Amino acid sequence: MATISKQYITEKFEEVFGQAPDVVSKSPGRINIIGEHTDYNDGFVLPAAIDKYSYVAVGHRNDDEIHLFSQLFNENLSFNLSEIKALENSWANYILGVVYHIQKNGHQLKGFNMVIDGDVPLGAGVSSSASLESAVAVALDRIFDLGLSKWDMTKIAQTAEHTFAGVKCGIMDQFASVFSKEDKVAKLDCRSLEFEYFPLELGEYTLLLLNTNVKHSLASSAYNDRREACEKAVEIISKDFHDVKSLRDVNSQMLREYLYSDYPELYVKASYVHDENKRVEEVCKALEKGDLETVGLFLYASHEGLSEYYEVSCDELDFLVDEVRQYPEVLGARMMGGGFGGCTLNLLKKSFVPELIAKLKPAYEAKFNLELTPIEVVPSEGGHVL
């Protein structure tokens with residue numbers, strides 16, 4: 001794979017369209033340090049952008065057409081600005097959705113040419129789609145001088161995902177892609193959308209994703225089941241506590257009193273969400289002190305909750321987390337994302353990365369007959385024009 005840079009995408013644009021681009025932007029994928037399945041319960045998440053990006057080069061046209069070229073799919077597509085609609089299973093939807101919602105919000109666009117490429121791993125749960133939507137929003141904002149705020153771009157990108165890609169995601173992915181800062185994590189309150197940054201100074205440690213390269217078919221149905229369980233728990237408790245609007249508002253006493261005996265399954269699921277919100281708070285405190293050992297312990301605790309209580313893990317993810325526990329150089333690990341596949345997130349000594357991969361890769365591949373893909377990531381800057 002070619003190293004993607006401003007020069008690379010500029011040259012690709014010139015090759016495809018015979019002109020230089022007016023604007024080049026890039027926007028990152030993201031990881032979530034902790035706070036899984038808390039977003040749709042009005043809770044807290046702790047994302048950080050990673051040093052893997054979607055790149056967009058864009059140039060003016062003299063008509064009302066948009067011409068798009070994807071390097072990944074080696075495909076050219078063109079559309080009229082007045083006739084933008086979602087396509088069946090197309091990479092272009094991530095761009096068309098952003099274009100459609102910018103126009104719907106009352107902004108004037110003119111025709112443009114666009115080339116997209118990137119090195120955000122696809123299907124690894126690091127939000128390649130949000131990174132592309134954000135990069136498109138950043139580029140179009142600049143080339144047409146739209147005056148969009150960061151929140152405008154975040155919400156346009158999220159709405160594009162809902163309506164054109166058909167994924168009813170929370171706000172975290174697009175938020176992280178737009179707002180992230182280098183060497184920081186952002187604690188986002190998914191109810192109020194208030195956020196604050198905490199230091200992620202890793203020193204001799206690093207973050208390593210281990211991609212299981214598996215996606216079990218349970219994922220979407222289980223996700224909906226978990227959401228329903230959370231809503232049901234809130235419904236039961238809120239009959240007596242009218243200010244309880246989501247699991248964010250419950251305490252452990254309410255959970256015990258209303259769910260433990262009569263609804264044991266709801267109790268287990270709701271308790272996980274309650275505990276995970278607390279873990280986000282504790283990890284932020286530990287990061288402020290530079291206490292990475294404590295962060296690591298909370299990563300392990302989060303995985304245990306996701307696997308045993310919320311039941312959204314799988315054999316492949318559990319195997320990877322169990323295997324790294326034996327190494328003191330690994331401070332913590334957990335599954336990351338919706339579950340049933342994707343990556344584990346590992347906090348470990350930089351110097352130990354090659355040895356860990358050398359040990360885990362053959363063991364994983366022999367056991368599951370699947371490739372294990374390591375992805376080392378660095379907390380990075382949100383979307384911007386280059």
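**Burial, packing and loops in a predicted protein model**

Cys314 counts as buried, with a relative accessibility of 8%; here, buried stands for under 20% relative accessible area, exposed for over 50%, and partly exposed for anything in between, using a 1.4 Å probe and protein chains only. The structure is a predicted model, in which local features need pLDDT of at least 70 and side-chain atom pairs count only at pLDDT 80 or more, while totals for chains, interfaces and linings use all residues. Residues are numbered from 1 along each chain as its sequence is written, and side-chain values use heavy atoms, with hydrogens and water left out.

A disulfide requires a pair of cysteine sulfur atoms within 2.5 Å, and a search of the whole structure turns up zero disulfides.

Stepping back to the whole protein, the model contains eleven helices and 14 strands; both are DSSP runs numbered from the N terminus, with helices (H or I) of at least four residues and strands (E) of at least two. The radius of gyration is 22 Å, close to the 21 Å that the globule rule gives for 386 residues, so the protein is as compact as a globular protein of that length. This radius is taken over C-alpha atoms, and the rule is 2.2 Å times the number of residues to the power 0.38. Along the principal axes, the C-alpha atoms fill a box of roughly 70 × 55 × 40 Å.

Of the 386 residues, 56% are buried. The accessible surface comes to about 16,800 Å², and carbon and sulfur atoms account for 46% of that area; such areas come from the Shrake-Rupley method with a 1.4 Å probe, and for residues only the protein chains shown count as cover. Among contacts (heavy atoms within 4.5 Å) between residues at least 6 apart in sequence, 71% join residues at least 24 apart.

The buried residues are Glu316, Leu317, Asp318, Phe319, Leu320, Val321 and Val324. They pack against α9 (292-309) and α11 (353-368), and against the strands β9 (205-215), β10 (330-336) and β11 (341-349).

One of the residues in strand β9 is Leu210, which is buried with a relative accessible area of 1%. Not counting residues up to four places away in sequence, Leu210 touches Leu320, Gly342, Cys343, Thr344, Asn346, Leu360, Leu372, Thr373 and Pro374. Leu210 and Leu372 are 162 residues apart along the chain, yet their C-alpha atoms are separated by 6.6 Å.

Ser302 sits in helix α9 and has a relative accessible area of 0%, which makes it buried. Leaving aside neighbours within four places in sequence, Ser302 is in contact with Ile34, Tyr272, Glu276, Arg279 and Arg334. His274, in helix α8 (residues 264-289), is buried too, at 11%. With neighbours within four places again set aside, the contacts of His274 are Val250, Asn251, Ser252 and Leu255.

Some residues illustrate the opposite case. Glu257, found in helix α7 (residues 252-260), is exposed, with a relative accessible area of 56%.

Finally, two loop residues have an interesting backbone. Asp145 lies in the loop between α3 (128-143) and α4 (150-163); although not a glycine, Asp145 has a positive phi of about 50°, and it is exposed at 69% relative accessibility. Asn369, in the loop between α11 and β12 (373-377), has a positive phi of about 55° and is likewise not a glycine. Asn369 is exposed, with a relative accessible area of 71%.
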